[in-house]
Amino acid sequence: SGKTLAYALPVMQVLRGRAVVRRLRAVVVLPTIDLAAQVGKVIAHLCEGTNLTSAVVTGSAGHVARGQQDVVYSWADHNGKTRHISKVDVMTCTPGALVAHLKHTEGFTLDDLQFLIIDEADLLLLEDFQDWIGIVSQALRSSAQ
């Protein structure tokens with residue numbers, strides 16, 4: 001829709017100039033699975049023909065654990081230490097899925113986040129799902145240090 005394009009186009013324009021290394025640089029939070037899927041389709045379309053990737057992440061902690069491989073790539077380096085890198089530049093998600101990834105997905109971080117977009121903010125701020133705002137704020141403060 002027009003509102004989605006109003007925030008997605010400028011974000012994609014900035015991110016298209018990113019370095020070759022993939023990092024999670026934008027997160028779009030929506031109140032429902034249906035809205036996340038709808039916006040995710042628009043963002044995926046905007047990623048076509050670029051080197052950017054996106055993912056839609058919804059569901060509970062158990063679902064997110066099964067979907068961990070969709071957003072984080074993990075491997076052991078030559079010293080046996082586990083390393084992690086994001087598989088996506090832009091993640092569209094529900095608040096519960098974002099919280100579940102922050103709490104349960106090893107290597108999931110907001111350290112490189114440039115854009116946090118809260119769509120339907122009136123709904124998301126009225127009903128503070130799982131204290132998601134506090135959890136995300138803490139993750140952002142931790143990454144700033």
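Helix H5 lies across strands S1, S2 and S5 and runs at about 125 degrees to S5. Helices (H or I, at least four residues) and strands (E, at least two) are DSSP runs, numbered from the N terminus. Angles run from 0 to 180 degrees between N-to-C directions, and axes are lines fitted to C-alpha atoms, for helices over the stretch in contact. The model is predicted: local features need pLDDT of at least 70, side-chain atom pairs count only at pLDDT 80 or more, and totals for chains, interfaces and linings use all residues. Residues are numbered from 1 along each chain as its sequence is written, and side-chain values use heavy atoms, with hydrogens and water left out.

The protein chain holds 7 helices and 6 strands. From the N terminus, the elements run α-β-α-β-α-α-β-β-β-α-β-α-α. Of its 145 residues, 39% count as buried. Buried means under 20% relative accessible area, exposed over 50%, and partly exposed in between (1.4 Å probe, protein chains only). Among contacts between residues at least 6 apart in sequence, 74% join residues at least 24 apart.

Four strands make an open sheet in the order S2-S5-S1-S6, with parallel pairing. Two strands pair if DSSP finds at least two bridges between them. S2 and strand S6 (115-118) are the edge strands, each pairing on one side only. Neighbouring strands are turned by 15 degrees against each other on average, direction ignored. S1 is joined to S5 by 4 bridges, and the two run parallel. Here valine 27 has methionine 91 of S5 as its bridge partner. Valine 29 stands opposite cysteine 93, also in S5. Another 4 bridges join S1 to S6, again in parallel. On that side, alanine 26 is partnered by phenylalanine 115 of S6.

S1 is covered on both faces. Ala26 and Val28 are buried on one side, and Val27 and Val29 are buried on the other. In a regular strand the side chains alternate between the two faces of the sheet.

H5 is mostly covered, with 7 of its 10 residues buried. These are Pro95, Gly96, Ala97, Leu98, Val99, Ala100 and His101. Helix H1 also packs on the sheet, where it touches S1, S5 and S6. The direction of H1 makes about 170 degrees with that of S6.

H1 (residues 2-15) packs against helix H2 (residues 33-47) at an angle of about 35 degrees, with the axes 11 Å apart. The crossing is right-handed, that is, the near helix is turned clockwise from the far one by less than a right angle. From H1, the residues Thr4, Leu5, Tyr7, Ala8, Leu9 and Met12 meet Val39, Val42, Ile43, Leu46 and Cys47 of H2. This contact comprises 10 nonpolar residues, 1 polar and no charged. Ala, Val, Leu, Ile, Met, Phe, Trp, Tyr, Cys and Pro count as nonpolar, Asp, Glu, Lys and Arg as charged, and the others, Gly among them, as polar.

The largest nonpolar core has 21 residues. Such a core is a set of buried Ala, Val, Leu, Ile, Met, Phe, Trp, Tyr and Cys residues joined through side-chain atoms within 4.5 Å. Val27, Val71, Met91, Cys93, Leu98, Phe108 and Leu110 touch the most other members. Two or more residues come from each of S1 (26-29), S2 (54-57), S5 (90-93), H5 (95-104) and helix H7 (132-144). H7 gives the largest share, 4 residues. Phenylalanine 108 touches Leu24, Val71, Val72, Met91, Leu98, His101 and Leu102, not counting residues up to four places away in sequence. A second, separate core of 17 residues includes Val11, Met12, Val28 and Cys47.

Strand S3 (residues 72-76) and strand S4 (residues 82-86) run antiparallel, joined by 5 bridges. Tryptophan 75 has arginine 83 of S4 as its bridge partner. The two strands form a hairpin with 5 residues between them, and glycine 80 in the turn has a positive phi of about 85 degrees.

Glutamate 120 lies in the loop between S6 and helix H6 (121-126). Its phi is positive, near 55 degrees, in a residue other than glycine. Glutamate 120 counts as partly exposed, at 25% relative accessibility.

How values were computed: Contact means heavy atoms within 4.5 Å.
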